[in-house]
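Hello,

Here is the structure I promised to pass on. Please have a look at it first; my notes follow below.

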Amino acid sequence: MGTHYITEDCTTCGACESACPVEAISPGDPMYVIDKQACTDCGACDDVCPVEAIKH
C-alpha cells in the first residue's frame with residue numbers, strides 16, 4: 001500500500017531500483033516505476049534519488 005511515486009523528473013539513473021529492499025521499482029518507459037502493491041513505503045528510494053524525482 002505504498003504511496004511513493006516517481007515524477008517525470010526521473011533521469012533513469014537506476015539508483016532507486018538498487019536501493020529498494022523489496023524490489024518494487026523497475027525500469028519503465030520512459031522512466032522508472034514503483035509497483036504500489038509491492039512498495040512498503042520505507043523511503044529508501046527517496047533518500048538516494050539524485051534529482052528528487054521520488055515523491056511521497
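Predicted model: local features only at pLDDT ≥ 70, side-chain atom pairs only at ≥ 80, totals over all residues.

Start with Thr7. Thr7 sits in the loop that joins β1 (5-6) and α1 (15-19). Thr7 is buried, at 17% relative accessible area. Beyond its neighbours within four places in sequence, Thr7 contacts Met31, Ala53 and Lys55.

Next, the core. The largest nonpolar core has 14 residues. Ile6, Cys16, Ile25, Ile34 and Ile54 touch the most other members.

Cys16 belongs to helix α1. Cys16 is buried, with 8% relative accessibility. Leaving out residues within four places in sequence, Cys16 meets Ile6, Ile25, Tyr32, Cys45, Val48 and Ile54. Its C-alpha atom is 9.8 Å from that of Val33, which is 17 residues away along the chain.

Ile25 has its own set of partners. Not counting residues up to four places away, Ile25 touches Ile6, Cys16, Glu17, Cys20, Tyr32, Val33, Ile34 and Cys45.

Now the cysteines. How many disulfides does a search of the whole structure find? The search finds 0. A disulfide needs two cysteine sulfur atoms within 2.5 Å. For Cys13, the closest cysteine sulfur is in Cys49, 6.1 Å away, so the two are too far apart for a bond. For Cys20, the closest is in Cys42, at 6.1 Å, again too far for a bond. Cys20 is also buried, with a relative accessible area of 13%.

Best wishes

Key:
Residues numbered from 1 in each chain as written. Heavy atoms only, no water. Core = buried A, V, L, I, M, F, W, Y, C linked by side-chain atoms within 4.5 Å. Buried < 20%, exposed > 50% of the residue type's maximum accessible area, 1.4 Å probe, protein only. Contact = heavy atoms within 4.5 Å. Helix = DSSP H or I, 4+ residues; strand = E, 2+ residues; numbered from the N terminus.
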